[in-house]
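This briefing covers side-chain contacts, an annotated region and a surface patch. The points are grouped by topic.

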Amino acid sequence: GGGNRPRQGADLRTSLSIDLQDAYDGVETKMTITRPEACPDCDGSGHPPDADVETCPECNGQGQTTTVQQTPFGRMQQTQTCRRCGGEGELYDETCSTCRGEGIVEEEATLSVDVPPGIRDGQTLRMEREGAPGENGGPKGDLLIEISIDPHDEFERDGDDLHYQHAVSFPQAVFGDTVTIETLDGTVEFDVPEGTQSGERFRLKGKGMPRLRRRGDGDLYVTVQIVTPQEMNAEQKEALKAFAEAGGDEVEVKEGFFEKIKNSL
């Protein structure tokens, strides 16, 4: 009967936390979950192999029962799984003591999960046939793993792009310099132009996250923050004073300078 046809098992859900470096590189990691499995003692049947069996008198071995009702619209026929035998069409005089007749037990399973490079926070990986066991010989369901990416101390992610703040000294900003930055793919150098303002942002093309299942990489945006020294020796103070005097009584500040500082905070 239809009640005995194979049915696929239910999908299971779990979560996995990784760091941003693993999301960049991709990682193969182990995880342990507790999931339903077919009882090993009865092979999922719910009864011992030598249990006596009889045809279910409720459904006559069909695994389904049919009820007919007379309604104002005519005769209505409803077919459903037999409640007495659970759709098996047979009854047994014993039940498995391990699973108490359910055919299912909870077991721990250790799985190897392959996380692809470029995966984003909240995306789900599907592991086929790693879910709950099927019924009547049906296949297992799937395991759905939601990925959670831990915040990084230095990089902020925006899609496939990364954002980073880099501190430079006042002389570096005034005269320009080549600085070195640690990225998720090693160190890179980029030029801070002469006259750089605090809060200016620079784009390092292709230095962001890998694009999942696509070619290329996102970009890395570096925001420059100018660090003002809290303590200066006499020579430094004298040099700064001479710098101010060389520019006149007032140091000209172009419109938008303070707005850049505010936006960089």
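Which residues does the UniProt annotation "zinc finger region: CR-type" cover? According to the UniProt record, an unreviewed entry, the annotation covers residues 26–108. The model described here is predicted.

**Annotated region**
- Over residues 26–108 the chain is 47% strand and 0% helix.
- The C-alpha atoms at the ends of residues 26–108 are 25 Å apart.

**Salt bridges**
- The structure holds eleven salt bridges, and those described below are among them.
- Glu130 and Arg35 meet through their side chains in a salt bridge, with an N to O distance of 2.8 Å. Glu130 lies in the loop between β8 (124–127) and β9 (143–149), and Arg35 lies in strand β2 (residues 27–38), so this pair ties together parts that are 95 residues apart in sequence.
- Arg35 counts as buried because its relative accessibility is 6%, under the 20% cut-off.
- Arg120 and Asp160 form a salt bridge in which the closest N and O atoms are 3.2 Å apart. This pair links distant parts of the chain, 40 residues apart: Arg120 is in the loop between β7 (104–115) and β8, and Asp160 is in the loop between β10 (156–158) and β11 (161–169).
- Asp142 and Arg126 form a salt bridge whose closest N and O atoms are 2.8 Å apart. Asp142 lies in the loop between β8 and β9 and Arg126 in strand β8, so the pair ties together parts 16 residues apart in sequence.
- Asp142 is buried, with a relative accessible area of 8%.

**Aromatic pairs**
- A search of the whole structure finds two aromatic pairs. One of them is formed by Phe190 and Phe202, with 5.8 Å centre to centre and 45° between the planes, and is tilted.
- Phe190 is in strand β13 (residues 186–192) and Phe202 in strand β14 (residues 201–204), so the pair links distant parts of the chain, twelve residues apart.
- Phe190 is buried, with a relative accessible area of 8%, and Phe202 is buried, with a relative accessible area of 15%.

**Surface patch**
- Phe170, Leu240 and Phe243 form a nonpolar patch on the surface. Together these residues have about 280 Å² of accessible area.
- Phe170 is in helix α2 (residues 170–175) and is partly exposed, with a relative accessible area of 36%.

How values were computed: Residues are numbered from 1 along each chain as its sequence is written. This is a predicted model: local features need pLDDT of at least 70, side-chain atom pairs count only at pLDDT 80 or more; totals for chains, interfaces and linings use all residues. Side-chain values use heavy atoms; hydrogens and water are left out. Rings of Phe, Tyr and Trp (its six-membered ring) pair if their centres lie within 6.5 Å; planes under 30 degrees apart count as stacked, over 60 as edge-to-face and the rest as tilted. Helices (H or I, at least four residues) and strands (E, at least two) are DSSP runs, numbered from the N terminus. Buried means under 20% relative accessible area, exposed over 50%, partly exposed in between (1.4 Å probe, protein chains only). UniProt positions are given in the numbering used here, feature names are shortened, and annotations may be inferred rather than shown by experiment. Patches are made of residues with over 30% relative accessible area and no salt bridge: like charges are joined within 9 Å, nonpolar side chains (Val, Leu, Ile, Met, Phe, Trp, Tyr) within 5 Å. Accessible areas come from the Shrake-Rupley method with a 1.4 Å probe; for residues, only the protein chains shown count as cover. A salt bridge is a side-chain nitrogen of Lys or Arg within 4 Å of a carboxyl oxygen of Asp or Glu.
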